[in-house]
Amino acid sequence: MQALLGWLGVGFGHLLAALPLGASRALGRAAAWVAYWTIPRVRRVGMANLDLAYGDGLSRAEKRRILRAATRNVGIVMAELFQIPRIFPHRAEALVTIEGAENIDSSRGCLAIGAHFGNWEWLAPVWAHHGQKTAEVVRPLDNPRLNAFVDKVRRASGIVTVPKHHAAAEVKRLLEQGYLVGILADQNVRDRAVPVTFFGRRTWATIGPVLLARRTGVPVHTLSIHRQPDGTYIERFSPEIPMVHTGDRLRDLVENTQRLQDAIESVVREQPDQWLWLHRRWRPRERLDREWAERLARQVSEK
């Protein structure tokens, strides 16, 4: 079954790649429409997340509108992913405008923190297309055949892909070589996390970017890509996000991780219908709660 699913996924990817961009996007939107109405989890998880984030601040109708648009966005992202080998040698300038490039010192490495927002698959390719050394941390797909195909598509833009698991050493090496390394840091994690708030709700966030920034001394920026009504994009680099260094390692880790999450939240709030509401961002992690309480208790006992 896994082999069959892999072949089907690769075949669908080839179809999306072969079609003109407009037709590929239309097919992606159609697939998303089918998923929205036939997969109950899409509506259940998405609405639960919107309820957590906005409470009574938005009407039910507005939340449904956001969720439908966010689901449609996923379909477009899927279609545009497979268009990467065709887009970036020839059409990138016509489709993507960069804002805030002056915030990036291209003579040194930096961390670009992003979210599953807009077309996140184009974040790194756009920067690489402009001649910059660029890498991105990726979560390998569960199906090996499909993962190999998708990885080849991503690398066609000239970027380096780094598998998420055990990525720290490789990312550190790339940063020291002057790469911009992109990390999507907006999802719930199972380990190496600290408690933060996101949309005012407690959840967990990865400590990876903060640890890497501390170990390498590189600046951290947010990087986001916003879809426009005409189908073009604006890719934005923020100014450097200041990190605190008080000498209290645990406190600094929490504070700096929260600063990154606040920056991501501000991007999502700007255009919530372009974020991935289908992921359980606020999923409880009992093991992390337990380990965090033990860590705080040890810190108190050591003082």
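Author: What follows is a close look at the sheet and the helices beside it. This is a predicted model, in which local features need pLDDT of at least 70, side-chain atom pairs count only at pLDDT 80 or more, and totals for chains, interfaces and linings use all residues. Residues are numbered from 1 along each chain as its sequence is written, and side-chain values use heavy atoms, with hydrogens and water left out.

The sheet is open and is formed by seven strands, with mixed pairing, in the order S1-S9-S8-S2-S5-S3-S4; strands (E, at least two residues) and helices (H or I, at least four) are DSSP runs numbered from the N terminus, and two strands pair if DSSP finds at least two bridges between them. At the edges lie strand S1 (96–99) and strand S4 (160–163), each of which pairs on one side only. On average, neighbouring strands of this sheet are turned by 25° against each other, direction ignored; axes are lines fitted to C-alpha atoms, for helices over the stretch in contact, and angles run from 0 to 180 degrees between N-to-C directions.

Strand S3 (residues 134–138) pairs with S4 in the parallel sense over four bridges, and Ala135 stands opposite Val160 in S4. Helix H8 (residues 144–155) packs on the sheet and touches S3 and S4, its direction making about 145° with that of S4, where contact means heavy atoms within 4.5 Å. Helix H10 (residues 208–216) also packs on the sheet, touching strand S2 (110–114), strand S5 (180–184) and strand S8 (220–227), and its direction makes about 165° with that of S2.
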